[in-house]
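Visitor: I have a model open and would like to learn how to read its features. Please take me through it.

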Amino acid sequence: SKKTLRTSFLPAVLPSSVTSDMSPLQKELLRYRRHNKQQKMLHKLLTDRALKVYGVFMEEKYHRDPVPPIPELPSTVRKYFSNILATSYLFMKKCVLSNPVVPIQQQWLTSMLTLVPPSLMEGKDRELLAEKLLGEIIRDYEMSMRRYMVRSVLIKPNIEGLEDEEEAPLPLLPLGLDFSRPWHNSFIQAKNEILSNLHILHPTMQSLLDFSYAAFSTFLIMDFSSFRLKGPVDCESLKTDISLSCSKAEKKILDTWYQRVISLFTQKEALNGVELDQVDSFYNCVATLMSNQVKIFPLCDKLNVKFRNCLPLFKMELTLDEKKMEFYPSFQDLEEAILFVVNHIGRTLQDIQTVRSWLMGGTTTLDTELPNHVIVWATSTLKKSIRNNLEGPKEYFENYVERYGWLVDGTAQTRIERFEVEEHSFDEYT
């Protein structure tokens, strides 16, 4: 155990008695032969040492019985040993990778294809895409199996030359992809709740929604283009026309759309598939749907500066009263008259009975009151439109006040009275 390289290999020096009898060529041959023997002996020694170190590494890896420590080797020997060990590992890895692997089962691939919706499998291009994806799956499977075999059979030593040989464990799931379907259960639950409570998918509801959309999509409570044809009107006439128009529109809705709703729900098949304990929730759904349809009436689509040819015309007089020049009606009164449109529309269609109330002889009405944010939006829209359309009259009024206001506000009368008490020449009086 105390042998060293120096004691194992004697110096290549020949005895003087032999040297003197040999020619230079013989000496060279003898030196060459001895050198070859030394190389073979060194190679055998290093190989044995490498295998012994590798055995120690394996024993420590698997926690076997401890072995006596190996003496430290010179750097050149360690490098030589590392090369041999790396070469051995790569050779054994190549042998393991060349072994056949168990192929993926066809039923696995078939099961994967059954998870794809049929609509995504139609067409020649999509069939080719599916085949390409299956080929990629097979390649990934074989690569994973081979990597598993290498990790199961071999243990990569931590030496130089094997830094690029990565044999990290495979991820449990593809990184960045989540194939779980947490939404599916909630979707099924919501669907069942809709079917059992909201009844929105019931055929009668679909019929109600269809003809309600057809009735209200082009319906206006009032058409301002008809007001334009009447020419300039005063504010009181506008309020009267608005009230009459809303009354006519309400009567038209009740005589057409509402009568069709009642006719739909008086049929025997209206409640097909509705359980007895679900009748109340079914009619609540009907009331909600009808309320939503009534609330989406267009309010003031044409009261906008973009539709100047449809805006009503108003009579406004420039008056001189009590030494003051002003418009009648005032701009504030005009704004209040126009905003009367929104307020009156909000009070329209407030007495429509629910279907359940009509069938049972009750007095319950639909909730058709416009939401507050809709009223605020309509009011702000109209105020902006009023300001834009009154810019011309305001400029006209201010021009009159600037040019002729002194004639009516007492300034002219004061100047005349002061002129009369003063002394002036004939030409000045003239």
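**Reading charges and core**

Guide: The structure holds 4 salt bridges. A salt bridge is a side-chain nitrogen of Lys or Arg within 4 Å of a carboxyl oxygen of Asp or Glu. This is a predicted model, where local features need pLDDT of at least 70, side-chain atom pairs count only at pLDDT 80 or more, and totals for chains, interfaces and linings use all residues. Residues are numbered from 1 along each chain as its sequence is written, and side-chain values use heavy atoms, with hydrogens and water left out.

Visitor: Which residue forms a salt bridge with Asp241?

Guide: Side chains of opposite charge can pair when their charged atoms come close. Here Lys230 is the partner, with the closest N and O atoms 3.4 Å apart. The pair links distant parts of the chain: Asp241 sits in helix α10, Lys230 in the loop between α9 and α10, 11 residues apart. Helices are DSSP runs (H or I, at least four residues), numbered from the N terminus.

Visitor: Is Asp241 buried or exposed?

Guide: Buried means under 20% relative accessible area, exposed over 50%, partly exposed in between (1.4 Å probe, protein chains only). Asp241 is buried, at 17%. Lys230 is exposed, at 52%.

Visitor: Where do Lys251 and Asp255 lie?

Guide: Both are in helix α10, 4 residues apart, about one turn of the helix. Lys251 is exposed at 53% relative accessible area, while Asp255 is partly exposed at 45%.

Visitor: Which residue pairs with Arg356 in a salt bridge?

Guide: Asp280 does, with the closest N and O atoms 2.8 Å apart. Arg356 is in helix α14 (residues 355-360) and Asp280 in helix α12, 76 residues apart.

Visitor: How many residues has the largest nonpolar core?

Guide: In soluble globular proteins, nonpolar side chains tend to be buried together. A nonpolar core is a set of buried Ala, Val, Leu, Ile, Met, Phe, Trp, Tyr and Cys residues joined through side-chain atoms within 4.5 Å. The largest one here has 38 residues; Leu208, Ile242, Trp257, Phe265 and Met290 have the most contacts inside it. Helix α12 gives the most to this core, with 9 residues.

Visitor: Which residues form a positive surface patch?

Guide: Patch residues have over 30% relative accessible area and no salt bridge, with like charges joined within 9 Å. Lys383, Lys384, Arg387 and Lys394 form this one. Helix α15 (residues 372-389) gives the most, with 3 residues.

Note on methods:
Patches are made of residues with over 30% relative accessible area and no salt bridge: like charges are joined within 9 Å, nonpolar side chains (Val, Leu, Ile, Met, Phe, Trp, Tyr) within 5 Å. Accessible areas come from the Shrake-Rupley method with a 1.4 Å probe; for residues, only the protein chains shown count as cover. Lys and Arg count as positive and Asp and Glu as negative; His and the chain ends are not counted. The place of a charge is taken as NZ of Lys, CZ of Arg, CG of Asp or CD of Glu. Helices (H or I, at least four residues) and strands (E, at least two) are DSSP runs, numbered from the N terminus.
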